[in-house]
Amino acid sequence: PLLQRDYSILSRQSFRSGFSGEGFCLKDHVVMGERVLPGVAYLEMARAAVTQALDLEDAAMLHLSQVAWLQPLSVGESQQVVHISLVPETEGRVAYQIYSLNDEQRILHSQGWVVTLTEASMPRLPLDEIRAQCAQRILPPTFCYEHLQGMGIAHGPSHRGIKRLQVGSEEVLAELVLPEDVL
């Protein structure tokens, strides 16, 4: 649902999406009183755009790198239109930019690169080792949300996906689940 319209031409892959503030990804993500498109939504838009543009299977393994979130997209009363532009680069990389237009001025919200991975090139994390290193303390899932609320970031039910939070001396391991509100 984050990638709504393909308006590509021969020389450029482009997509467009409109947000009104009523969808779960905005109504349950409020920063300092404003509905703001979450950073993870930009990642999903880039993933979906590259998957569609390269005609990949939806479960294709993609690696996003050099991701930058440059300007948050706040959505008020009127609909905001966001554009996703893809440009193929060398070594199989695809550069993406996600932007909106304000009086024909481009406001860049996020950018980065996407590369398709093979099973052999897929990095493997030593999950058992990380789990053991994060055994100092287990925090309740509400810990993060209460802490963020104190900083002015409110997560509604569809953005509360932390199931378990383990803390180590130098890292944190979180188990995430898709909240029932979005199933």
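Start with the salt bridges: this predicted model holds 4 of them, each being a side-chain nitrogen of Lys or Arg within 4 Å of a carboxyl oxygen of Asp or Glu. Local features need pLDDT of at least 70 and side-chain atom pairs count only at pLDDT 80 or more, while totals for chains, interfaces and linings use all residues. Residues are numbered from 1 along each chain as its sequence is written, and side-chain values use heavy atoms, with hydrogens and water left out.

Select Glu44 and Arg47 next. Their side chains meet in a salt bridge, 2.7 Å from N to O. The two lie 3 residues apart in helix H2 (residues 39-53), so about one helical turn separates them; helices are DSSP runs of H or I with at least four residues, numbered from the N terminus. Glu44 is partly exposed at 31% relative accessibility (buried is under 20% relative accessible area, exposed over 50%, partly exposed in between, with a 1.4 Å probe and protein chains only). Arg47 is partly exposed too, at 21%.

Move on to helix H3 (residues 127-133), where Arg131 and Asp128 are 3 residues apart. Their closest N and O atoms are 3.2 Å apart, forming a salt bridge. Here Asp128 is exposed at 62%, and Arg131 is partly exposed at 36%.

Now pick Glu89 and Arg93, whose side chains form a salt bridge at 3.2 Å, N to O.

Finish with the cysteines. The structure holds 0 disulfides (pairs of cysteine sulfur atoms within 2.5 Å). The sulfur of Cys134 is 13 Å from its closest cysteine sulfur, in Cys144, too far for a bond. Cys134 is buried at 0%, whereas Cys144 is partly exposed at 21%.
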